[in-house]
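Take a look at how two chains meet, and then at what lies inside.

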Amino acid sequence: MRRVVITGAGTINALGSDVPKTLEAMREGRCGIGPLEFRDVERLSISIGGQVKDFDPVTAFNRQQLSLYDRFTQFTLIAAKEAIGQSGLSFSGELAARAGVVLGTAGGGVSTWDDNYRAVYEEGKNRVHPFVVPKLMNNAATSHVSMEYNLKGPSFTVSTACASSNHAMAQAFQMVRSGMSDVMIGGGSESMLCFGGVKAWEGLRVMSRDACRPFSANRNGMVQGEGAAVFVFEEYEHARERGAEILAELIGFAMSSDASDIVMPSKQGAGRAIAGALRDAKLNPEDVGYINAHGTGTAANDKTECAAVADVFGPHADKLMMSSTKSMHGHLIGGTGAVELLACIMALRDGVIAPTIGYEELDPECALDVVPNEARDAKVDVALSNAFAFGGLNAVLALRKV
Amino acid sequence: MSVKDKVIEIIAEQAVLEPSDVTLESTLDSLGIDSLGLVESIFAIEEAFDIQVPFNANDPSESDFDISSVATIIKGIETLVAEQA
């Protein structure tokens, strides 16, 4: 099997409009969660989120592009530009014919659905813009990245709720590892922060009204975020031969299904995905220095995740660090694993562990080193990134420092 | 603004041209308006005049609406606006 490295990273999220700004915010333990700003927000009982602010689509895209790009596609294209730009790759000939894009999103063009339902239901209009369908479809972002960069290989969108981008990146990784392609673009995007998007989540009653406090005894739910992150996955020798900067190596992954409940997580299902990723990457538990947790800040996830880690790692669970950066950027749902992969890259490459902010009180059921409130300098050789979705679909990635 | 001027304005905006560059003899092809641009123009025309244009993107030649030139489009819209009045 071939080695796969990351040679480009890009993002836009509540912490920053690119990777350097996002990593700086993570190092400083800054919170990107604040009051939501959009139409009808006063009718919501949840009024906070990790919203991307100081972003003007009109300066980023032309009129024709805006008529086709939902916000989740806009975020994706901004992240893809940074990632592919950093990699230094341009796609033509045989490379373009085999290179593709695999991205995750849970909801796709949620605000396009929302705006147009409002127009026909609330405002009584009987006509919608002709591009509603190509704008809202879940694969729109993938297709626009493919068109923009001439990527003609295997390309599709993965939708597995909160694990979408980890599943997507696992697919992209697998294609490079197996020899199907030398380069693949992977990542994910989400933009559900509109009236209908947040209203739907309110119904489940798992949202916090004040803060996302993963692993803290006084945690009271999740907080939604929005944004995207995109990566360039490249075969190791291909990257070396052209002298590309290598950010980290992706060394393994595993997926599992709980096959038990549509919303409640399972310790066994999560544990099987974590153990599977260690096996796939040929790691011993002691090799892992950092885990970017799924860490949603809900009662159920955090204790289940800690129990799964304790089961898989045994005594080493007390030695490794595990933080949830959702405390800072919120839960990006289908894009969350992609943004969180940045924290893994920072741990491996820069030796800085992003903190779990908002941590106030020890929960005996989450008694791991969650790197509370302040980033920490530490040398880490191997990191994992967990994602456990509603529907019991789990995906864990393993990365190594290069 | 007359129907003619409004239709030309919409088509010009779609083609990213000045209205003065759009003549009655212009075709959508010569203006660089593709099939997506055409449905978007028809949508804008429907919105502007609050009419329904009988246009089927699957087979434009079978539609009861002639799009072979700017002049035929204007004529078709004028008819629809008059029928509605």
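In this predicted model, the contact draws 11 residues from chain B and 9 residues from chain A. The size of an interface is often given as the accessible area lost when the parts come together. Here, about 940 Å² is buried between chain B and chain A. Carbon and sulfur atoms give 48% of that area.

B:E47 and A:R127 meet through their side chains in a salt bridge, at 3.0 Å from N to O. On the side of chain B that touches chain A, α1 and α2 of chain B each supply at least two residues. α2(B) gives the most, with 6 residues. By type, this side of chain B divides into 4 nonpolar, 2 polar and 5 charged residues.

The largest nonpolar core has 57 residues. Those with the most contacts inside it are A:F91, B:V7, B:I45, B:V53, B:I73 and B:I77. Chain A supplies at least two residues to this core from each of α4 (71–87), β4 (100–104), α8 (140–149), β6 (183–190) and β7 (227–235). In chain B, α1 (3–15), α2 (35–49) and α3 (70–84) each do likewise. The largest share comes from α4(A), with 8 residues.

A second, separate core has 49 residues, including A:A229, A:M328, A:I345 and A:V380.

Return to B:V53. Leaving aside neighbours within four places in sequence, B:V53 is in contact with B:I42, B:I45, B:E46, B:F65, B:I77 and B:L80.

Technical notes. Residues numbered from 1 in each chain as written. Chains lettered and ligands numbered in written order. Predicted model: local features only at pLDDT ≥ 70, side-chain atom pairs only at ≥ 80, totals over all residues. Heavy atoms only, no water. Core = buried A, V, L, I, M, F, W, Y, C linked by side-chain atoms within 4.5 Å. Buried < 20%, exposed > 50% of the residue type's maximum accessible area, 1.4 Å probe, protein only. Helix = DSSP H or I, 4+ residues; strand = E, 2+ residues; numbered from the N terminus. Contact = heavy atoms within 4.5 Å. Buried area = accessible area lost by both parts, 1.4 Å probe. Salt bridge = Lys/Arg side-chain N within 4 Å of Asp/Glu carboxyl O. Nonpolar A, V, L, I, M, F, W, Y, C, P; charged D, E, K, R; others polar.
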